[in-house]
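User: I would like to go through this structure with you, a few residues and helices at a time. Please keep the answers plain.

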Amino acid sequence: AYSAAAALDLFPYMEAYSLVLGAFLLLVADRQSWSTARIYPWLGLMALFADVGETVILRNSCLSVVASGEGGILSDVWIQAASVSNQLKWTLVLVSVGIIAAGFLMPTSKKPEKTNPGEKAEQQEALSGLPQR
């Protein structure tokens with residue numbers, strides 16, 4: 001039963017939340033000119049890797065206990081590794097949500113690009129398809 005739940009957890013749940021986080025973080029990075037903004041979209045991917053690590057560790061540990069036939073308990077080392085991976089995942093998710101909230105609640109910090117008047121007329125001509133006089 002746990003293997004079926006772990007398989008559902010591995011696909012599509014993990015990919016879905018990491019893509020959504022990454023997409024919103026990419027929007028924040030595009031809106032803000034914070035010096036660290038270019039690493040934001042990677043936080044969703046790092047959360048995905050931590051989640052995969054946790055699920056794989058627990059699944060394989062459970063399968064090895066069942067396969068041993070002793071009905072034993074999971075090794076403390078593997079439980080600790082899965083716990084650290086879980087804490088890392090939730091830390092990354094919460095940091096991502098905080099960055100997303102701050103990025104959308106704060107005014108944009110990117111300055112609009114300056115164009116010279118001649119360039120603006122060329123852009124308007126290209127958009128309208130008609131020469132400007």
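User: Is Ser61 buried or exposed?

Analyst: In this predicted model, Ser61 counts as buried because its relative accessibility is 7%, which falls under the 20% cut-off.

User: And where is Ser61 placed?

Analyst: Ser61 belongs to helix α2, which covers residues 40–68.

User: Which backbone oxygen does its side chain reach?

Analyst: The side chain of Ser61 reaches the backbone oxygen of Ile57, at 2.8 Å.

User: What is Ser61 in contact with, leaving aside neighbours within four places in sequence?

Analyst: With those neighbours left aside, Ser61 is in contact with Leu74 and Trp78. Trp78 is also listed among the α3 residues that meet α2, and Ser61 is among those on the α2 side.

User: Then let us take that helix pair. How do α2 and α3 pack?

Analyst: Their axes are 8 Å apart, and the angle is about 155°. That makes α2 roughly antiparallel to α3, because the angle is over 145 degrees. The crossing of α2 past α3 is left-handed.

User: Which residues meet there?

Analyst: From α2, the residues include Tyr40, Leu43, Met46, Ile57 and Leu58. On the α3 side they include Ala81, Leu88, Leu92, Val95 and Ile99.

User: What about α1 and α3?

Analyst: The axes of α1 and α3 come within 9 Å and cross at roughly 40°. Here too the crossing is left-handed, with α1 passing α3. Among the α1 residues that meet α3 are Tyr17, Leu21, Phe24 and Val28; the α3 partners include Lys89, Val93, Ile100 and Phe104.

User: New topic: how many aromatic pairs does a search of the whole structure find?

Analyst: The search finds two aromatic pairs. One of them joins Tyr13 and Tyr17, a tilted pair with 5.3 Å from centre to centre and 55° between the planes. Both tyrosines lie in helix α1 (residues 2–31), four residues apart, about one turn of the helix.

User: How accessible are Phe24 and Phe104?

Analyst: Phe24 is partly exposed, at 38% relative accessible area. Phe104 counts as partly exposed as well, at 35% relative accessibility.

User: Back to Tyr17 for a moment. What does it touch, not counting residues up to four places away in sequence?

Analyst: Tyr17 touches Ala47, Leu48, Asp51, Lys89 and Val93 on that count. Lys89 and Val93 are also among the α3 residues that meet α1, while Ala47 and Asp51 are among the α2 residues that meet α3.

Note on methods
Residues numbered from 1 in each chain as written. Predicted model: local features only at pLDDT ≥ 70, side-chain atom pairs only at ≥ 80, totals over all residues. Heavy atoms only, no water. Helix = DSSP H or I, 4+ residues; strand = E, 2+ residues; numbered from the N terminus. Buried < 20%, exposed > 50% of the residue type's maximum accessible area, 1.4 Å probe, protein only. Polar contact = N/O pair within 3.5 Å; in protein donor to acceptor, adjacent residues only side chain to side chain. Contact = heavy atoms within 4.5 Å. Phe/Tyr/Trp six-rings, centres within 6.5 Å; stacked < 30°, edge-to-face > 60°. Axes fitted to C-alpha atoms, helices over the stretch in contact; angles between N-to-C directions. Parallel < 35°, antiparallel > 145°, perpendicular 65-115°, else oblique. Left-handed = near helix turned anticlockwise from the far one by under 90°.
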